[in-house]
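Trainee: I would like to learn how to read the features of a structure like this one. Could we take them one at a time?

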Amino acid sequence: MREKFWAMYENIKYSERYFFYYREQAWKRDRYIKIFLCVASLSSVTSLALWSKAPSIWSIITVAAQVLSAVAYLIPYSEQVTALNNLLPEIDQLLHRIDYDWDRINILQTLSDEEINSLVLKYNTEFTNIENRFAQGIQFAPSKSCVKKAQEDCAKYKFSRFGITQTDYLEETLKNAR
């Protein structure tokens, strides 16, 4: 049961870090779109005076801004940022409870396999409910850069929290439990 609890803990921690980096990425993209639209809008007034000097450049900028403005509501970055701003604090609180129970399982060894199994079910259900409450219906496209950063953060977290790599830690704790 300890392995099952650890796998759940690791998965939720990874998800929290992934969502953290995804929010950062979505926020930047949303900001870039808004800045481009603002600059294109402001420059269109200026471009009237410069139109004769570089008409093709101003035409491209104007067309791009119009297209982006027309489809901006289809780009979900603002919704993603809002959802993740609400979701991340909830996951953080959940992780604090999971961490507390991991110490009870690992250090104090006060929980039976049945109790551990109940905790795994409880925390997995809580995590799913948090995701559904804040991110239901919002699409999050896969991001390789967020995956990589989340994996690196999880490895750093495990090392700083437990002082050894996750694999060594789990092997060591399971060996001591036998």
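**Salt bridges, rings and a cavity**

Mentor: Start with a contact between charged side chains: D153 forms a salt bridge with R17, and the closest N and O atoms are 3.0 Å apart. The pair links distant parts of the chain, with D153 in helix α5 and R17 in helix α1, 136 residues apart. Keep in mind that this is a predicted model.

Trainee: Are D153 and R17 buried or exposed?

Mentor: Both D153 and R17 are buried. Salt bridges that share partners join R17 and D153 with K13 and E16 into one network.

Trainee: How far apart are N and O in the salt bridge of K13 and E16?

Mentor: The side chains of K13 and E16 meet at 3.6 Å, N to O. Both residues lie in helix α1, three residues apart, which is about one turn of the helix. K13 and E16 are both buried.

Trainee: How many salt bridges are there by this rule?

Mentor: The count comes to eight salt bridges. One of them is formed by E10 and K158, whose closest N and O atoms are 2.5 Å apart. This pair also links distant parts of the chain: E10 is in helix α1 and K158 in helix α5, 148 residues apart.

Trainee: Why does E10 count as partly exposed, and why is K158 called buried?

Mentor: E10 counts as partly exposed because its relative accessibility is 25%. K158 is buried because its relative accessible area is 11%. The cut-off for buried is under 20% relative accessible area.

Trainee: Next, the aromatic rings. What describes a pair of aromatic rings?

Mentor: Two quantities describe such a pair: the distance of the centres and the angle of the planes. A search of the whole structure finds 10 aromatic pairs. Among them is the pair of F5 and Y123, with 6.2 Å centre to centre and 75° between the planes, which is edge-to-face. F5 lies in helix α1 and Y123 in helix α4 (residues 113-135), so the pair ties together parts that are 118 residues apart in sequence.

Trainee: Is F5 buried or exposed, and is Y123 buried or exposed?

Mentor: F5 is buried, at a relative accessible area of 0%. Y123 is buried as well, at 1%. Ring pairs link F5 and Y123 with W6, Y9 and W102 into a cluster.

Trainee: Now empty space. What shows where empty space is left?

Mentor: A probe the size of a water molecule is rolled over the atoms, and this shows where empty space is left. In this structure, a search of the whole finds one cavity of 30 Å³ or more. About 40 Å³ of space lies in the largest cavity.

Trainee: Which residues line the largest cavity?

Mentor: The lining consists of W6, Y9, E10, K13, Y157, K158 and F162. Both E10 and K158, the salt-bridge partners, are in this lining. W6 and Y9 belong to the ring cluster and also line the largest cavity. By class, the lining has four nonpolar, no polar and three charged residues.

Trainee: Which helices each supply at least two residues of that lining?

Mentor: They are α1 (2-50) and α5 (144-162). The largest share, four residues, comes from α1.

Trainee: How do I read the span of a helix, for example α3?

Mentor: Compare the reach from first to last C-alpha with the expected value. Helix α3 (residues 77-108) has 32 residues and reaches 44 Å, close to the 46 Å expected at 1.5 Å a residue. Just after α3, Q109 takes a positive phi of about 50°.

How values were computed. Residues are numbered from 1 along each chain as its sequence is written. This is a predicted model: local features need pLDDT of at least 70, side-chain atom pairs count only at pLDDT 80 or more; totals for chains, interfaces and linings use all residues. Side-chain values use heavy atoms; hydrogens and water are left out. On a 1 Å grid over the protein atoms alone, a cavity is a set of points where a 1.4 Å probe fits but cannot get out, and a pocket is an open set with protein on both sides within 12 Å along at least five of seven lines; lining residues have an atom within 4 Å of a point. Grid points are joined across faces, edges and corners, and a volume is the space filled by probe spheres set on the points. Ala, Val, Leu, Ile, Met, Phe, Trp, Tyr, Cys and Pro count as nonpolar, Asp, Glu, Lys and Arg as charged, and the others, Gly among them, as polar. The expected span of a helix is 1.5 Å times one less than its number of residues. A salt bridge is a side-chain nitrogen of Lys or Arg within 4 Å of a carboxyl oxygen of Asp or Glu. Buried means under 20% relative accessible area, exposed over 50%, partly exposed in between (1.4 Å probe, protein chains only). Rings of Phe, Tyr and Trp (its six-membered ring) pair if their centres lie within 6.5 Å; planes under 30 degrees apart count as stacked, over 60 as edge-to-face and the rest as tilted.
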